[in-house]
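Hi,

Here is the structure I promised to pass along. Have a look at it first, and then read on for what turned up.

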Amino acid sequence: MKRKTWTHPWRYRESFLVVLELILLGLIFEVITGGKGAPQLQWPVNLIVGLGILLSLIVIQTKLKNRPFVKWMSSIPAAISAILFFAMVTLLLGFIRQDNPEAGRFVHLLGLSHMKNSWLMMVSGLYFLVTLGMVAIRKSWPLKRKNLGFLLNHAGLWIIIFAAYLGSGDLMRLHLTLTEGHEATDIAMNPVSRQLYELPFSVELRDFAIEEYNPKIGIVDGRTGKLVDNDGQVLLLIEEGMKARMLDWDLEILKFEPNSFRAESEYFASDSFGAAPAALVRAVNTASGEERSGWISCGSFLVEGQPLELNQHRFLVMTEPEPKKYSSDIVIHDRNGETVPLTLEVNKPHKYKGWKLYQISYDDRWGKWSTVSILEGVRDPWLPVVYTGIFLLMAGALYLFWIGREIKE
Amino acid sequence: MEWINFPAFAGITFLSWILGLSLVYFSRKNRPVELAGQLIILLGIIVLGIFITLLWISLDRPPLRTLGETRLWYSLFLPLVGFVTYFRWRYKWFLAYAIALAGLFLLINYMHPENYSKTLMPALQSPWFVPHVIVYIFSYALLAASSLVALWGLYQLYYREFQPRVLFLADNLVYVGFSFLTLGLLFGGLWAKEAWGHYWTWDPKETWAFLTWLSYLVYMHFRTFQPKKVKAPLWALSVAFIVLLICWFGINYLPSASNSVHVYGN
């Protein structure tokens, strides 16, 4: 017997019709607001709205739990429709180029060019939170031991999405551009809106340094300008005294200078601004015994590179060295006169008074000779809540691993 | 230890897998023969493990950066998963599939020896690097295995008699694989906070990893809701694996991902 749509209990058909309505709702809101996206709530409005949502979910689940509509809200068909809705929005985000200034007016008006803060994202997130929240509350009261893993996973995920979404309006990510030898500054800029902010402390750059790996050598075809494939080994890391074979050439690195300048046909070590790495190489052709030797260099922003001609179309070249470590020695000056010296590196940020400071960039025009370092200051007051959710979900994942699927055969 | 030595190690591994598998397959309930086969397969896995360890030492960094290097780990974990599953559920065909797939990965690496480099960009120099990637690779190996099981189930469904325990095996693999997938995603978030300043930035890899996660989530919920249905979850599991493959390989070819730290290779 065929069940009529919209008679309880609701299942997939009704759940997906609800999603369809929500999609239309999201698109209509986006168009009405002129494609500006959903408003980002800030402190303390986000906290009030968040508590309001949480409280209403609890009240609905406890007071009205026998209503068929409320039962549906925490049902699996509703959950699956919410997951697929969220997945659809994510898929759009994954396929359509975001923040594209050349996006068509229509695309922009529907919010497809700024999915992250679109009404569609907001609506799908809210639907996800409602269905997930309802089931988490239902299973948590009365709390049974067998529901522990279930609760860790569902509540953990709920807390993460809840706090990440509500907190996004309070998140500050500002760039600080510092120059060696300049006075400490407390002016930071939002890189997206280019708006300036004043930090509660100022930062001085003592030294910015880039440590590099040695450069590599490879053989280039002069006609195409491309590296020649050497059975998979296209490039070799240079080390002084290294011997290697590339194509039909035996190579030997006789000398290597990480920083050097050229004078006549020789390169000499020098630590002056703009110096480039250089290597003295000997190449012997394995077939003909021809010998070539000379200096090669990748050059820098200041001086030209130097290839070594092997034969008519083949040149031995040095590639620009890859960075190994970026670091900034900085001093933080507090308003009370307190000074804190510290070193920032990529992957090694530092906390200071509610802010986290990161090494983010430098002036890449000057390569390792840059005297400018760009730091990022991040303030995310909701982070502890998100982390609570992350650790709950981690515990849930471990539980899932340990218990696996309880097979009911 | 250079890539050049790879053929020797891979050869030993490959031969012991073939030999071990043949013994297991043709043991005809002869315990000592089967045991010998199992030990020889394990030997192959260990040899590959030794190669990866030596490679790690010689590169001075974890070999987890290029696609070729991740294929090595895949070749290590897939037979391991296959072996444990075979041990627990006595599916010989499953072990054979896992080994065949791992052998294929070894073969790809043999035909395309990659350029290696000791360099590792600063963003990847973190204590999170190894756990994040290993957990992910292990999870991919399990989920790939679950999809193989699903394909086997579909084959049974359409051409033979369907055995319900096939779906239970798929469930077990998905549950364990999914728990690792979750850990990998969360480790990634914690690392991203240290490296990029925020735990979630909708980097293309993140977006697709999240989609993968959601796909398996749908499968698990569907199975809980209608455990008697067979065809839909089998197909769902096959589709979820396609999303996983896009996340794993496809991302390297997305133009929007060109600046992502998740794009491997040169």
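Let me start with one residue on chain B: Glu194(B) is partly exposed, with a relative accessible area of 22%. Please keep in mind throughout that this is a predicted model.

What does Glu194(B) pair with? Its side chain meets that of Lys356(A) in a salt bridge, at 2.7 Å from N to O. Lys356(A) sits in strand β17 of chain A and Glu194(B) in helix α6 (residues 165–196) of chain B, so this pair joins two chains. The lysine end is buried, as Lys356(A) has a relative accessible area of 12%. Across the interface of chain A and chain B, the rule finds 1 salt bridge, and the Lys356(A) and Glu194(B) side chains form a bridge of that kind.

**The interface between chain A and chain B**

On chain A, 60 residues are in contact with 54 residues of chain B. The area buried between the two chains is about 5000 Å², and carbon and sulfur atoms give 69% of it. As for polar contacts, the count between chain A and chain B is 9 residue pairs, with both residues at pLDDT 80 or more.

Which elements of chain A supply at least two residues each to the side that touches chain B? They are the helices α4 (76–95), α7 (148–167) and α8 (383–403), together with the strands β14 (323–334), β17 (355–362) and β18 (372–379). Of these, α4(A) gives the most, with 13 residues. Sorted by residue type, the side of chain A that touches chain B divides into 40 nonpolar, 7 polar and 13 charged residues.

One is between Glu211(A) and Lys325(A), whose closest N and O atoms are 3.9 Å apart. This pair links distant parts of the chain: Glu211(A) is in strand β3 (residues 196–212) and Lys325(A) is in strand β14, 114 residues apart. Both ends are partly exposed, Glu211(A) with a relative accessible area of 39% and Lys325(A) with 28%.

The other is between Arg282(A) and Glu252(A), with 2.9 Å from N to O. Arg282(A) belongs to strand β10 (residues 276–285) and Glu252(A) to strand β8 (residues 249–263), so the pair ties together parts that are 30 residues apart in sequence.

**Chain A as a whole**

Chain A has 8 helices and 18 strands. Its C-alpha trace spans about 90 × 65 × 50 Å along the principal axes. The radius of gyration of chain A is 30 Å, while a compact globule of 409 residues would have one near 22 Å. Of the 409 residues in chain A, 46% are buried. Among contacts in chain A between residues at least 6 apart in sequence, 56% join residues at least 24 apart.

Best wishes

Terms used: Residues numbered from 1 in each chain as written. Chains lettered and ligands numbered in written order. Predicted model: local features only at pLDDT ≥ 70, side-chain atom pairs only at ≥ 80, totals over all residues. Heavy atoms only, no water. Contact = heavy atoms within 4.5 Å. Buried area = accessible area lost by both parts, 1.4 Å probe. Salt bridge = Lys/Arg side-chain N within 4 Å of Asp/Glu carboxyl O. Polar contact = N/O pair within 3.5 Å; in protein donor to acceptor, adjacent residues only side chain to side chain. Helix = DSSP H or I, 4+ residues; strand = E, 2+ residues; numbered from the N terminus. Nonpolar A, V, L, I, M, F, W, Y, C, P; charged D, E, K, R; others polar. Buried < 20%, exposed > 50% of the residue type's maximum accessible area, 1.4 Å probe, protein only. Rg over C-alpha atoms; globule rule 2.2 N^0.38 Å.
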